[in-house]
Every structure is written in C-alpha cells, then in structure tokens.
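This report examines how parts of a protein model meet. Please look at the sequence and the structure shown here before reading on.

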Amino acid sequence: MSEYVLELKGITKIFPGVKALNNVQFQLKPGEIHALMGENGAGKSTFIKVITGVHKAEEGEMYLDGKKVNFKGPKDAQNAGIAAIYQHVTSYPHLTVTENIFMGHEKKKNGIIQWKEMHEEANSYLKELNADFKATDEMGTLSVAQQQMVEIAKALSMKARIIIMDEPTAALTKRESEELYRIAEKLRDEGASIIFISHRFEDMYRLASRVTVFRDSQYVGTYDVDGITNADLITAMVGREIKDLFPKPQVEIGEEVLRVENLTRTGYFKNVSFAVRKGEILGLTGLVGAGRTEVVQTIFGVEHFDSGKVYLEGKEVKIKKPVDAMKHGIGLLPEDRQKQGLILDWGIGRNITLPEVASYGKNGLTNDKKERQVAKELAERVDTKVVTVFDKANTLSGGNQQKVVVAKILASDLKVIILDEPTKGVDVGAKAEIYEIMGELAQQGYAIIMISSEMPEILGMCDRIVVMCEGKVTGELDRKEADQEGILKFAMAKSLKATQE
Amino acid sequence: MAGKSGREIIAEQPFSWKTFFFKWEWFLVLIFILINIMNANLSPYYASVSGLFTATNSFLEKAFIALPMAYILVLGDMDISVGSIACISAVSLALAYNAGIPMAACIVVCLLVGTLCGLINGLIMTKFTELAPMIVTLGTQILYRGIAEGILGDTSSGGLTAVKWFSNLYWGKIGVVPIMFIVFIICACAFGFVLHKTVFGRWLYAIGSNKTAAEYAGIEVQKIRLIVFVLTGLFSAVTGVFLAARMGSTKSDIATSYEMEAISMAVLGGFSTNGGKGNFIGVVLAIFIVGFLRYGLGLINVPAQAMLVIIGLLLIITVMAPNIKNQIQYSMKKKNK
C-alpha cells in the first residue's frame, strides 16, 4: 500500500495560449483533510478538473493507491471513488433530493427504477449527515447549505473515498459553515480523504492538517497547518511579502457627516441609529441576514424605510431614490458587483462614467472625449489592470472588476462612501490593494462605511464598529477595544439571550 | 496621473478596418443593394428616382412605429399594442372631423389619444414592474382595438379627403420627394441622434443591458421606461395620421399586425429583444430593405401570401447570420487546434 491515496506528479495542462498548470504536484494522505489554496487564477479549479477527469493533462502522471491511472472522462474518476462538490451546486432544482442524489446511477431492477429503495437509502445518508430535510423534498426549496448536503450525500452514495470541496463555505453563514466542518470531519474519521479549496484562512485552520499552495499555475509548496503563520501563507500565495495586509493610515477624524436615527423598515430592521465622521472608516458587521445590506440600501434610496431620519452634515435629507442620495453626496458600492455594480458587456470606461454621464456634456448631450479622459484618470487612480478604457468588464478578474466599481463611485462628487462587502470573492493580492484605496479615501476626507462579514478586515481597517443582529444594532465598539470575541458576542446577542433564558 | 504601478491606460480607440467593416450595418447595406439590383432586373420602370420615391410611400407610414420600437427593444421591453393605438387614434381623428372640428385640431386629438394610450401602457408597466410587457400590451392591444370596434362597429368614418392639405400629407410631394418621406427622414435622424449622442440614449442602453446596475448608478429606470412607452404611443398615432390621410376614411380593422412589422424591422436592424444592443442606422436600413423587397415583389405580382413567406424567411436568415458566423469561427478554431 502506498503512503498516498492520491498522488499527482508533473502535471501540465495547456489551454490555447496559456499554461493553466505548469509542472504541479500534489499528495493526498489517506484520512486527511488537505487544503488547496492560491489566488484566483492560480490554477486550482483546472487542477481539480484534471483530478476528476474533466480535463486531460498534457503531461504528468496520476497515481491512485500507488497505481498509475489514466482517466478518460469524469465517469472513470467517479468509478475510482473521486467526487467533487462545487461552490455553485449544479443540481436539478425541480427534482427531489433522492433524484438528485442518484442522478446517473439510479437503482434499477429490470430497467425499472426502485423508488422505495432509493428513498430509503437517501434518507439514511441524510440522517447520517444530520440533515433537517427529507429525501422527498424538492431540491429548489432547500437553502444553499442544504443543497450542499445533498451533494455530499451524492458523494456518499457513490462510495467516494476522495471528496473534493471547491469553496463550499463561500455562500454559507457562520453556523452553516460549522455544520459543514462537522460533516467534513466525520467523513474524514470514517476514512475518506478530503481536498478542501477555500479563500478563507479560517476554514483552513479549522479543518486542514496540511495545505498546498499554488501560484501562477505553479506548485509553491505543501506545509503543515500547525507550522505555518498567516504571513508565511500569504507570502506563499501572493509571491511577495505583504508586510501589513491592512494598511490603515492614521487619519485626523473630522466632524460628523452622516447620521441615521431610528431607521425602521418593517420586517427587515428596527430603530437603527449610527453616525460616521469625516475621514472615519465605520465597520458595519454582523452575521449574514442581520439586515446590514438592507440598511445601506435604504440609506441609498434603493429601498424605502417606514420611519426614521437621515441627517447629512446636521441637516435632515429626504432620499427617495438613488439619484437623491448621489446628489447629497452618498455613494454605494453594491454587494453584487456583477449584477448591481457593472454592465458586464460594456467597456470599463462607460461603466465608470455612467453615474455622471450627464455632467460631461452640455444640453443633454454626451461628450465622448471628456468621458474617456475621466474614465482613464479614475481607472488609473485605483490602479485597474487593463490596457484600454474599452476593455470589457467581463474580461476582468473579480478584484479588477471591483476596482472598476470603486472608480465608478469616485466619478461622483461624494462625501460618504458605503462599501458593501468590498472584498467578497476577491483574492488576497487584490484585497490588499482595495484596503489601500480605502485608506487613501479616508485620508482624502471621505466618510466611509464598510459592511463586511470578515472579521480580520473589520478589525484591521475600521475606526469604529457597529454590530447588528437580526435587524437591530446590538453593539458599538471602538478600534482599540474591539476584538473577535467582543464582536461575536454582539453579533449573536439574540441567540445568546435566547439560550440564557 | 498614472496609478501606483505607473501603468498608463489608453483612452483612445485604435481604429481598425476589420471592426469597421465587420459591422452588422454593412451586411444590411449589402442586402439593400442586392434587393435593388434584383428589383431593377424585375422591372424596367423600377430604377428611376421618382419611381423609387413613390415606392417609399408604400411602406413608410408604418415605419414611424419602428422608430420608437427600436427604443423599446433597446430597453429590453416590448410593446405589441402599437397597431391598435394607430387604429384607435386614426379612428378618433375621423370621429372628431365628422363632429365638425377643424382638421388641424383633429390631428392634435389623434396625437393626444395615441399619447394617452402609450401613457396607460407605461403607467401599468412602471407601477407594476413584475408584469411582463408582452402580456400587458397584449391586453391593451385587445382593449384599444375593442374600443375602436365598439365605436365604429362594421361601419367606417370617412370624408377626410375633403380637406386637400390633409390628403397631401400622404399623397403630396415637394418636387419628386413625398412629404411623408421628408417627415420620416427628419424623425429618423432625431431618433438616431437622441439614441447615440445624448445622455438619454446612453441611459436607454444602460437600462437594457443591466436594469439593476442602471438603478444603482442613479438612473431613474421607471421614469425613462414611461417616457419611451409614451413616445411609442405618440408615434403610433403619427402612423395613424398618415394612414387616415392615405385612405380618407377609417375603420376598426386598420393597422392590424403593424406591431409585428415594426418589431421585425427593428430586429432585422440589429436590435436584440434582450435589450442593450443595436445601432439606429440599422433600423432605417431594415425599413427600406423590407419595404423595397415588398415593392419589388409586388411589381412582378407575387401573391401576398408568398410575399409573407419570403419576408419571414429573410427575417429568420438575417437574425441567424451572427450565430452562423460565430459557429463558423468556432469550428475553424477547433480545426486549427
């Protein structure tokens, strides 16, 4: 028996014009959870597809239990006991859980599907996973976390020994992630080997015993999780040292710019009050579903509040629609940059100038030349990696897209900038650049509100932190007194209280 | 000022002959020329200046609907009530005239009725944004037509030829150029200019490309949709005016299926029903392509049904052309690999 259940050597995969993988290696021990990390575009996804037989590598060898294998397609990998669970669950939403689990390997007798048997087996997997839904439920009615459980059940039904999870926690709440950790550990204890891909350091520390890092399509190294520091890992991933991931500059904090009082929107949030000052970065945090996004959407005028007041520089303002907010100098970087922030098949230039397009020309006319100039300056100001202002937004990486949205906000004459999850789905290198831009904006005198679920960036970048839980503000912390436990205590205030009672 | 990395971003569009000539509009120009060559061979009388201008009279009255229809498609919206609006506004023009109102005021009445119909469409769709535009305007299509039928029944309301200058709107010429042609060209230029050179036009494309992102960029999406629907009602009424001027009388079954013709002209012109795409010159070319094709086929007495088959095929083939091009490119790439 070989030391490794899965081993890959010298894998090179070439797509037209690019080497997606360049001579990479990987070893998976039996019964281990092995994290695979790297920036977006480092080659992780391609690598997974080589393992699962979707792509065929041009060079290199793959061994299962020490025996050389040669997968011709995904079916071969499945038969060998390899299953992958993807970030975006590829399921059949209108079919039942059972049908989703057994899709492609139904239980048949004389060509007739054995429903009873399948439902029973499906239910037994769900029970094993502690699931709170039934095999006969329709897939589409389940939450993302529950759908992932179905995918895991599917892996179990195929007797998978090697399970690959591709960013499974990206769309999950904290509690759901905990549940996933528990399941992953259980699978490991039962003898399965797991490859875990994630952007979250938290996931890695919590679960993995070893971590392999890819960078620019190449293998960087494999490390024991216990023996590596955050800084080492970032250096390995980014290839340069980020001395300080959070370059929070010292800024003289000025007078109050925006204040909201007793903002209420029935069913979403109640009596929310806070204020932000010139040069200040205010963090707005809490668990997913705490109502943070709804609050800022209301301030920006996308949604309407039932009662409460918004003050700008001491004067009450009425904001009914986004254009009102922008006129008053409030800008919002929306949570979903692809759906809310960008027109993907437009060039970045026109994206950037869209909010203020009326201001470049006269008498309702557009002024192309001026627009291009403004777009160029703003795109350079946030250091977007593009060649021309005509480069289409959908050709950029997540981090660069986010920079374009930031540039777009800066096109307006603003006092307050609201950033809703500005680093979501952005790789470490681009994250650091976005933090740097935030710091510069604070220095330039903008008042900044940042919504984030990521504790490190909230602690690292914010002067003050407002914590919400289930639609209410449960706490406010100063930069000096804030720590992870303090924030969590407020973020889970409601459920803590419930358990105490 | 360049960014920290010192990277400079190019702000000038490099001119490329390839992208210049690979435009959809050139393809339309080609079809347009082919159709004219065909027509000239079919009839010896075709290729004369005055003959060509007269030919435009056979189709331009409905082309007024295709102009705002292009805007509707840019928005990713739909309006299939335009034929009914043209009818109901023409009918109200005739009714007003027969009630003794001076003709100039009747035209105003006609345009107001069209505007009102467009306003109703727009208000329903902007107040209840979850409704599908196709269904709403299907409803108002039946409603407006129903009102016209309710008023006129099987009868017609006419006598409009008594006002000479009114008939001349359709039949009159300045030199060899029909008055309607001149009006159309002015309107088409205005629509094209607004779409491509003004902030309003940019907003239309933004809304059609990504409604949510447009809203977050501070564009008042619903207000602009309302304006476009009202504009569509107004220009459907313009078609109504020319229709009444041509026929001298109105009935409740005029201008049927004009909506489909307007939509086909816009689609053929390169405007996608998914919104956000299209160049206005394309619509104008498409209007003349379909118009001249019909005219040419009419010259050799092709029956109306066969004409529909030909125009239907033309529409399908032309909208398939970009997809076919992509597939060819794709298979060529595959082969090279």
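The model is predicted, and local features need pLDDT of at least 70, side-chain atom pairs count only at pLDDT 80 or more, and totals for chains, interfaces and linings use all residues. Residues are numbered from 1 along each chain as its sequence is written, chains are lettered from A and ligands numbered from 1 in the order in which they are written, and side-chain values use heavy atoms, with hydrogens and water left out.

## The contact of chain A and chain B

Chain A contributes 45 residues to the contact and chain B contributes 33 residues, where contact means heavy atoms within 4.5 Å. The area buried between chain A and chain B is about 3300 Å², and carbon and sulfur atoms give 57% of it. Buried area is the accessible area (1.4 Å probe) that two parts lose on being put together, summed over both.

Six salt bridges are found across this interface. A salt bridge is a side-chain nitrogen of Lys or Arg within 4 Å of a carboxyl oxygen of Asp or Glu. One example joins Glu371(A) to Arg202(B), with the closest N and O atoms 2.8 Å apart.

Which helices of chain A each supply at least two residues of the side that touches chain B? They are H9 (292-300), H10 (322-327), H11 (337-341), H12 (348-353), H13 (368-381) and H15 (428-443). Helices (H or I, at least four residues) and strands (E, at least two) are DSSP runs, numbered from the N terminus. H13(A) gives the largest share of this side, seven residues. By class, the side of chain A that touches chain B has 21 nonpolar, nine polar and 15 charged residues. Here Ala, Val, Leu, Ile, Met, Phe, Trp, Tyr, Cys and Pro count as nonpolar, Asp, Glu, Lys and Arg as charged, and the others, Gly among them, as polar.

## The domains of chain A

Chain A is assigned domain 1 (6-238), domain 2 (242-329 + 414-501) and domain 3 (341-413), with bounds that come from an automatic or database domain assignment. The centres of domain 1 and domain 2 of chain A, taken over C-alpha atoms, are separated by 35 Å. Nine residues from domain 1 and eleven residues from domain 2 take part in their contact. The area buried between these two domains of chain A is about 870 Å², of which carbon and sulfur atoms give 67%.

Side chains of opposite charge can pair when their charged atoms come close. Over all chains, the count comes to 35 salt bridges.

| Pair | N to O distance |
|---|---|
| Asp463(A) and Lys248(A) | 3.1 Å |
| Arg259(A) and Glu256(A) | 2.7 Å |
| Lys385(A) and Glu433(A) | 3.4 Å |

Lys385(A) lies in the loop between H13 and H14 (398-410) of chain A, and Glu433(A) lies in H15 of chain A, 48 residues apart. Lys385(A) is partly exposed, at 41% relative accessible area, whereas Glu433(A) counts as buried at 19%. Buried means under 20% relative accessible area, exposed over 50%, and partly exposed in between (1.4 Å probe, protein chains only). Both Asp463(A) and Lys248(A) are buried. Arg259(A) is partly exposed at 24% relative accessibility, and Glu256(A) is partly exposed at 34%.
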